[in-house]
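Student: Hi! Could you walk me through this one with me asking as we go?
Tutor: Happy to, here it is.

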Amino acid sequence: MRARISEKVAAGTRITDEEATYLYTEADLADLRTWSTTVRDRHHAANQATYLIMRIINYTNVCVAKCDYCSFYRLPKAPDGYLLPQDQIYAKIDEILELGGDFVGFNGGFNPKLKLDWYQNTFRQIRERYGDTIEFYALTVAEMMYVAKLCRLPYETVCLALKDAGVRWITGGGSEILTNAFRLRHSPQKYTADDYLEAQETIMRCGLHSTGTMVIGFDESIDERVEHLRRVRQMQDRLRGDGLPGLFSFLSWTYKPYHNELGGLEVDGDSYLRHLAVARLYLDNISHMRTSVLTQNDNALRGLHFGANDFDIPLEDEVTQMAGAVINRNIQDIINQAEAEGFTPVFRPMAQAPALRNV
Ligand code: SF4
């Protein structure tokens, strides 16, 4: 198996599910480092890594989905449920701009009080106020799905309405592990994996940008991890086969087990590196692999040796912080760590992302 994979990496041939399972369970970490770097360097300049300076704006913590791994949500009518006022949203964007960043991601909950018009108004006003100086992920795939369900609208209608309001990205958050069995175990009220992928494909067929994500470290089996990767690769094949760009990037982060119903233990650092390498090797049709400083801190920069070419410098994300993530707000410190790993960090401007495609 080792020789076969080595030959495939050298030839640039696609690896199978069986080989991915071997990479997760038996392959030597040194081999994974070598192989994933070979593939990484085919897609990107060797010894260079791009980064974003960003924050997640958690605009509401009210949510009815009740995922058992979530430490963030509050049910409607809970005394500490909130919806951020507009001036606080603007203050958070202003701070990112002052620090040299140009990117925020919106991530809240399934809040039954917020209909499509709230999102349209919010994003339209941000686009009018900031123009192209800021880029934003407007919602995750999962939140877009909830808005569609709440308003009894097809995904396509919601996507096109958001696009008309100035939205360019609906990001792949809320995927966790994309198997129907995982959904049933942990978030039965959220959506199935089939629904999620249908919604994400619709987003991209509507001409919006999207990203792939995956969270490891719950109770998922290796088969479930491979299934997640397989379904993402298949979707990307379909989109690329139709001449569309598909997912811009794939971000892997780790579950934080504190202050929620599910609990458990944190994934160890080497398991995260192993997963990054497997994702790089398996997802041959996605260019950018992102490593998560938000959930892995220093270890995320080691991930640049395991197939990742891009990292985040986060200022805030209440969802993961409530579950135990500790954020280092010293931007230069994180840049220095990437340099110490032997990489030249290069700021990746989000405000210059590729133009949207008309449909
Ligand atoms: S993970 Fe998201 S959808 Fe699930 S309960 Fe938390 S906020 Fe709601």
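Student: Let's start with R55: buried or exposed?
Tutor: R55 has 23 C-beta neighbours inside 10 Å, so R55 counts as buried. The cut-offs are 20 or more other C-beta atoms within 10 Å of a residue's own for buried, 12 or fewer for exposed, and partly exposed in between, with C-beta atoms placed from the backbone.

Student: Before we go on, what kind of model is this?
Tutor: This is a predicted model, where local features need pLDDT of at least 70, side-chain atom pairs count only at pLDDT 80 or more, and totals for chains, interfaces and linings use all residues. Residue numbers start from 1 along each chain as its sequence is written.

Student: Thanks. Where is R55 placed?
Tutor: R55 is in strand β1, residues 48–57. Helices (H or I, at least four residues) and strands (E, at least two) are DSSP runs, numbered from the N terminus.

Student: And which residues does R55 touch?
Tutor: Leaving out residues up to four places away in sequence, R55 touches K92, I96, V104, P314, L315 and E316. Two residues are in contact here if their C-beta atoms, placed from the backbone, lie within 7 Å.

Student: How many Å apart are R55 and L281 in space?
Tutor: They are 29 Å apart, C-alpha to C-alpha, and 226 residues apart in sequence.

Student: Switching to the ligand: which residues surround the ligand?
Tutor: The shell consists of C63, A65, K66, C67, C70, F72, Y73, G109, F110, A142, S187 and K190. A residue is near a molecule if its C-beta atom, placed from the backbone, lies within 6 Å of it.

Student: How do the residues of that shell divide?
Tutor: Eight are nonpolar, two polar and two charged. In this scheme Ala, Val, Leu, Ile, Met, Phe, Trp, Tyr, Cys and Pro count as nonpolar, Asp, Glu, Lys and Arg as charged, and the others, Gly among them, as polar.

Student: How do α6 and α9 cross?
Tutor: The axes of helix α6 (residues 141–150) and helix α9 (residues 193–205) come within 10 Å and cross at roughly 95°. The two are therefore roughly perpendicular to each other. Axes are lines fitted to C-alpha atoms, for helices over the stretch in contact, with angles from 0 to 180 degrees between N-to-C directions. Angles under 35 degrees count as roughly parallel, over 145 as roughly antiparallel, 65 to 115 as roughly perpendicular and the rest as oblique.

Student: Which residues make that contact?
Tutor: From α6 there are V141, A142, M144 and M145, and from α9 there are D195, Y196, A199, Q200 and I203. By class, the contact has seven nonpolar, one polar and one charged residues. A142 also sits in the ligand shell.

Student: What about the core: in the largest one, which residues touch the most other members?
Tutor: A138 and I170 do, out of 102 residues in the largest nonpolar core. Helix α11 (residues 269–282) gives the largest share of this core, eight residues. Such a core is a set of buried Ala, Val, Leu, Ile, Met, Phe, Trp, Tyr and Cys residues joined through C-beta atoms within 7 Å.

Student: What does I170 touch?
Tutor: Not counting residues up to four places away in sequence, I170 touches A138, L139, V141, M144, I203, L208 and S210. L139 lies in strand β3 (residues 135–140).

Student: What is the phi of L139?
Tutor: L139 has a positive phi of about 70° although it is not a glycine. Most residues other than glycine have a negative phi. L139 counts as buried, with 27 C-beta neighbours inside 10 Å.

Student: And H259, buried or exposed?
Tutor: H259 counts as exposed, with 12 C-beta neighbours inside 10 Å. H259 lies in the loop between β6 (249–254) and α11, and has a positive phi of about 65° without being a glycine.

Student: Where does L265 lie?
Tutor: L265 is in the loop between β6 and α11. L265 is exposed, with 8 other C-beta atoms within 10 Å.

Student: Last one: how many residues of α1 are buried?
Tutor: Of the 10 residues of helix α1 (residues 2–11), the number buried is one, so α1 lies largely in the open. G12 follows α1, with a positive phi near 75°.
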